[in-house]
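This briefing covers nonpolar packing, aromatic ring pairs and a surface patch. Please read it alongside the sequence and the coordinates.

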Amino acid sequence: MENNTPSEGREHWSGQLGFVLAAAGSAIGLGNIWKFPYITGENGGGAFVLIYLICILLIGMPVMLCEIILGRHTQKNPVGAFKMLSPKSSVTAHLIGVVLFTCGVALISFETYGWGLIFLAVAILIFKYGWIMPGIMGVFSGFIILSYYSVVGGWTISYFFNAAAGKLVFQNAQQAAGCFDSLKGNPWLCVAFHIAFMAITCLIIYSGVRKGIERWSRILMPALFIILIALILRGITLPNALDGVDFFLRPDFSKIKPKSVLTALGHAFFTLSLGMGAIITYGSYVSKNENLFKASLSIVGLDTLAAIMAGLAIFPVAYAVKINPECGPGLVFQTLPLVFSQIPLGIFWCAVFFILLFIAALTSAMSLLEVVVSFAMDELKWPRHFATFFCGAVITILGIFSAVSISNWENIEWIHSALIKIFNTSQSSFFDFMDNLGANWLLPLGGLFIALFTGWIWGTKKAVDEMRIGSENFADVNFISLLAGLKDDPGHNAKVHVITLASLWGIFVRFIAPLAIFLAFLQIAGWIKN
Ligand code: PHE
């Protein structure tokens, strides 16, 4: 496959399946199995799931396609991609810069210095770099997100060892909670596992695209689905389990909090690995004969399936063993060992589950690090080895702060008081602060820029031209004929059609996705009361 690719020297996936599995490997991770259930629990269940699914459909799908197209067209990292496609000077970019600058000045005059300075800095960067800014922001998000993601990755390693040693056999919910609390209460153990997780991630990224990323994703993704099915079957046959299914799937909008919409939107980006160029980077390793529509549909479909399956595996058990679904980041770590404690060969299955969770985390962490590394290789001309080592080290150090402050600020009070002074933050730990910054702000903002750029600056026309390559007339057939499976029927195909996948996608990218993201931001800023 390598020879029919446009840019010599760049590694490529071995084919459509390789790409879909690697991208699904990036998408399916702790976001699906650890984060989605616990934020669903904290935000009241079914209604939150519904908002999340709407975000996936209206915003996630179109932006996913944008990122793959940008990546394959440019064959570059996010910064390189925006650099290649952005106009020399853009009025829109300057307008955005002026708005941000004004906001910055206003914030400073209200004595909100931290945010004020950030707005000013971003405005100046936009004046200087124009549309390259979203790419730079993506690389920055890579640092932020991986730093705390890896801490949770470390927990999976710790749980795997505990499971294998038979230490995760619990009689009741209190024991399970006690085990999780003792891990959280031992910051240096968390640091050690975080460092171990980062070291493994670096080792794989060091070996490159095909030998590293693709080979692992191919084996491990299918295994993860099989074990999830087994867990669901066991969970829903426990007494009271159906109450859990009810909580997870029946929408009750009275339980929605004001912040839930932004959380759902942020999570849609987080779970699909969107908004920071991870998919641009993976898209840059896709060759020209792949059908990008089908690929993005499969990636989004697999990711959503994994999240729903994780919910179905966890909530019934939580209800059966009386664990509060609102218990936060410990939810998966407390509920599942309890099911395993009740089944034959439980110790074995428990160890298998945590190793798979570790792997799901690893395949996602790899994509986060690959964004940063491919930027350093392409733009700064660093060799892969050095880029991996240097960026990995910076992220590891940053992550230590999250690791020592998972439940409170106790160990880093000085950072807390500084952050209160500068940002007036109300987050309950540094870990939460980073998660909120990365997932709820940087990713949706990145996604907004990516949609606006593709829709209005580079233009949907050029994007659709790229989409057509390798797409077996998917883009241009009447949407209804396509759904009916009649895309190759001449009777349906001979006419000029207006409602095609390409036109629908264009409308979503230009109007619906940006507007929805913008409204979610306004809602959280308190301007729209819900
Ligand atoms: N999608 C990953 C998950 O769900 C996390 C991730 C976010 C990976 C952003 C890459 C980029 O766990």
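**Aromatic pairs, core and surface patch**

F315 counts as buried, because its relative accessibility is 0%. The model that holds this residue is a predicted one. The points below are grouped by topic.

**The F247 and F315 pair**

- F247 also counts as buried, because its relative accessibility is 10% and the cut-off for buried is under 20%.
- The ring centres of F247 and F315 are 5.3 Å apart and the planes are at 55°, so this pair is classed as tilted.
- Distant parts of the chain are linked by this pair: F247 lies in helix α11 (residues 241–249) and F315 in helix α14 (residues 292–320), 68 residues apart.

**W34 and the other aromatic rings**

- The count of aromatic pairs comes to 31.
- W34 and F431 form an edge-to-face pair, because their ring planes are at 75°, with the ring centres 6.4 Å apart.
- This pair, too, links distant parts of the chain, with W34 in helix α2 (residues 30–42) and F431 in helix α19 (residues 430–468), 397 residues apart.
- W34 is buried, with a relative accessible area of 0%, and F431 counts as buried at 1% relative accessibility.
- Leaving aside neighbours within four places in sequence, W34 is in contact with V152, W155, P329, V332, F333 and F431.
- A cluster connected by ring pairs contains W34, Y38, Y148, W155, Y159, F180, F333, F340, F353, F354 and F431.

**The largest nonpolar core**

- The largest nonpolar core has 178 residues, and the members that touch the most others are F19, W34, W155, F353 and W505.
- Helix α16 (residues 346–379) gives the most to this core, contributing 19 residues.
- W34, W155 and F353 are among the residues of the ring-pair cluster, and these three are also among the core members with the most contacts to other members.

**The nonpolar surface patch**

- V98, F101, V105, I124 and F127 make a nonpolar surface patch of about 410 Å².
- Helices α5 (91–109) and α6 (113–129) are the elements that give two or more residues to the patch.
- Helix α5 supplies the largest share, 3 residues.
- V98 is found in helix α5 and counts as partly exposed, because its relative accessibility is 44%.
- That value falls between the cut-offs of under 20% for buried and over 50% for exposed.

Note on methods:
Residues numbered from 1 in each chain as written. Predicted model: local features only at pLDDT ≥ 70, side-chain atom pairs only at ≥ 80, totals over all residues. Heavy atoms only, no water. Core = buried A, V, L, I, M, F, W, Y, C linked by side-chain atoms within 4.5 Å. Buried < 20%, exposed > 50% of the residue type's maximum accessible area, 1.4 Å probe, protein only. Helix = DSSP H or I, 4+ residues; strand = E, 2+ residues; numbered from the N terminus. Contact = heavy atoms within 4.5 Å. Patch = residues over 30% accessible without salt bridge, like charges linked within 9 Å, V, L, I, M, F, W, Y side chains within 5 Å. Areas by Shrake-Rupley, 256 points an atom, 1.4 Å probe, with all protein chains shown as cover. Salt bridge = Lys/Arg side-chain N within 4 Å of Asp/Glu carboxyl O. Phe/Tyr/Trp six-rings, centres within 6.5 Å; stacked < 30°, edge-to-face > 60°.
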